[in-house]
Amino acid sequence: MAQFILAIDQGTTSTRAMIFDHKGQVVGWKQKEHEQHYPKPGWVEHDPLEIWSSTQFVVQGVLNENNLTSKNIAAIGITNQRETTLVWNRDTGKPYYPAVVWQDTRTDKICNQLAKEGGQDRFRKITGLPLATYFSGPKIAWLLENVEGLREDAETGKAIFGTLDSWLVWNLTGGPQGGLHLTDVTNASRTLLMNLETLDWDDGMLSVLSIPRAMLPKIVSSSDVYGRAKGVLEGVPVAGILGDQQAALFGQACYNAGEAKNTYGTGCFMLMNTGHMPTPSESGLLTTVGYKIGEQAAVYALEGSIAITGALVQWLRDNLRMIDTAAEIETLAQTVEDAGGIYFVPAFSGLFAPYWRSDARGAIVGLTRYINRGHIARAVLEASAYQTREVLDAMEKDSGVRLKALKVDGGMVKNELLMQFQADILNVPVIRPVVAETTSLGAAYAAGLAVGYWQNEDELREKWQKDVQWDPVMAASQRETCYAGWKKAVTRTFDWIE
């Protein structure tokens, strides 16, 4: 009997398979990291074949470790790192080039050239997005210009594009033997190619970026039975797709307009449900599709995207060798009472929301001889909280909604020092749910709804449970002094790259 839902969470640094029961509780999980490639400064790549191999490994592993087979799985949901851009051959399944990761900044010249006419917000009305290296469209344009033979194959539909959800669905459903080429509305809304109103590829955007429509996947809803898996998951419906941050919004049961969540992963992403109409941003946020369930109307969201948060901890571990594991940063940060007057602005890939400055680069400011490893560790954690405050300020300005509490999830929410500082600097309660892996949960929910495993959003909302709440304790004067210092520090990163 099919009593569980399987979620595949293909993230920036690892791929995870999680099994959920009807209560929305985790039955088992398996995770595998994949390599990050940095061939040039500002360039970030992944090996798509390694990612597919990791996916097969974690799926087989989680089934084996829990004594399950495909017959126990009612549906498969997929969630993924968004914007990461891949082109592969429809006949062979072989990628033409490594996956160009969302953090990659090689398309800055393309974006700057496009911005000369109409500025950075030239396409916001159509796509909800500013012109930035973050999004898939310019990455596709770069690949078409720089990979030999790709444009010719793309025009005939032999070379096909996808974000990582498309790559996984295509391989899961047969690959070269009839694999489905599709993406959901949430991932499509991150390409700079989809019209937010029609939820279809926009001919004007395709023309501007010179991208052949023949290479693009079909856009589908986030919850529907798209097809059935082959191989180890033979016959199981593939029934849910959500970009990772939208999956977390869905998994956090933010189904009413004005409800928001923040995910602390490689980057930090705050999303607020804005209902059935796209809300244009005047404050540097993104207007994006939150989710679309079957034939129901799409639900939109405002998003504040921060490029580097958990990745900064990873950098401290891997590049500076200051800690051996990510979890050790909290212990190190607790050796000092505060950051000693320093700020760490992690503009490694420029700055995302609310600035959208690809010319910025990272900086530690306020250094004195007093500063030690503990202060640097603390400044690394505080950087995530300060960046979140900037996004929340912009979100409240755009939406007119004053946030009463912030639901949080992702790997960094286990860090109690960070969560308390976050509550302090926002001056609102910060709430962690019992199931903190809400990205995978959201994908599971979408797939489960499609096959009738769960009936509706009301049933899902009842499953959300609070685990821990952090309330603000910092004095107002201290809060504003700290934040003013951060705002000053950010300006020091501007105009570094000509």
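**Figure 1. Phenylalanine 344 is buried in this predicted model.** Its relative accessible area is 3%. Phenylalanine 348 is partly exposed, at a relative accessible area of 29%. The rings of phenylalanine 344 and phenylalanine 348 form an edge-to-face aromatic pair, with 6.4 Å between centres and 70° between the planes.

**Figure 2. Tyrosine 255 and tyrosine 291 form one of the 25 aromatic pairs of the structure.** The pair is edge-to-face, at 6.3 Å centre to centre, and the planes stand at 85°. Tyrosine 255 belongs to the loop between α9 (244-251) and β15 (260-264), and tyrosine 291 to strand β17, so the pair ties together parts that are 36 residues apart in sequence. Relative accessibility is 8% for tyrosine 255, which counts as buried. Tyrosine 291, at 2%, also counts as buried.

**Figure 3. Strand β18 (residues 299-306) pairs with strand β16 and strand β17.** Strand β16 (residues 268-275) runs antiparallel to β18, with 7 bridges between them. Among the facing residues are glycine 275 and tyrosine 300, the latter in β18. Strand β17 (residues 286-291) is also antiparallel to β18 and is joined to it by 5 bridges. Here tyrosine 291 has valine 299 of β18 as its bridge partner.

**Figure 4. Both faces of strand β18 are covered.** In a regular strand, side chains alternate between the two faces of the sheet. Val299, Ala301, Glu303 and Ser305 are buried on one side of β18, and Tyr300, Leu302, Gly304 and Ile306 are buried on the other. Because 8 of the 8 residues of β18 are buried, the strand is largely enclosed by the rest of the structure.

**Figure 5. Helix α1 covers residues 48-65.** Its 18 residues reach 26 Å from the first C-alpha to the last, close to the 26 Å expected at 1.5 Å a residue. Aspartate 47 caps the N-terminal end of α1, with a side-chain oxygen 2.9 Å from the backbone nitrogen of leucine 49. The buried residues of the helix include Pro48, Ile51, Trp52, Thr55, Val58, Val59 and Val62. After α1 comes asparagine 67, with a positive phi near 55°.

**Figure 6. Six aromatic side chains form one cluster: Trp102, Tyr134, Phe135, Phe269, Phe352 and Trp356.**

**Figure 7. The charged ends of arginine 106 and arginine 389 sit over aromatic rings.** For arginine 106, the ring is that of tryptophan 43, with the charged end 3.7 Å from the ring centre. For arginine 389, the ring is that of tyrosine 483, and the distance to the ring centre is 3.9 Å.

Key: Residues are numbered from 1 along each chain as its sequence is written. This is a predicted model: local features need pLDDT of at least 70, side-chain atom pairs count only at pLDDT 80 or more; totals for chains, interfaces and linings use all residues. Side-chain values use heavy atoms; hydrogens and water are left out. Buried means under 20% relative accessible area, exposed over 50%, partly exposed in between (1.4 Å probe, protein chains only). Helices (H or I, at least four residues) and strands (E, at least two) are DSSP runs, numbered from the N terminus. Two strands pair if DSSP finds at least two bridges between them. The expected span of a helix is 1.5 Å times one less than its number of residues. A polar contact is a pair of N or O atoms within 3.5 Å; within protein, one must be able to donate a hydrogen and the other to accept it, and residues adjacent in sequence count only if both atoms are side-chain atoms. Rings of Phe, Tyr and Trp (its six-membered ring) pair if their centres lie within 6.5 Å; planes under 30 degrees apart count as stacked, over 60 as edge-to-face and the rest as tilted. A charge sits over a ring if NZ of Lys or CZ of Arg is within 6 Å of the ring centre and within 35 degrees of the ring normal.
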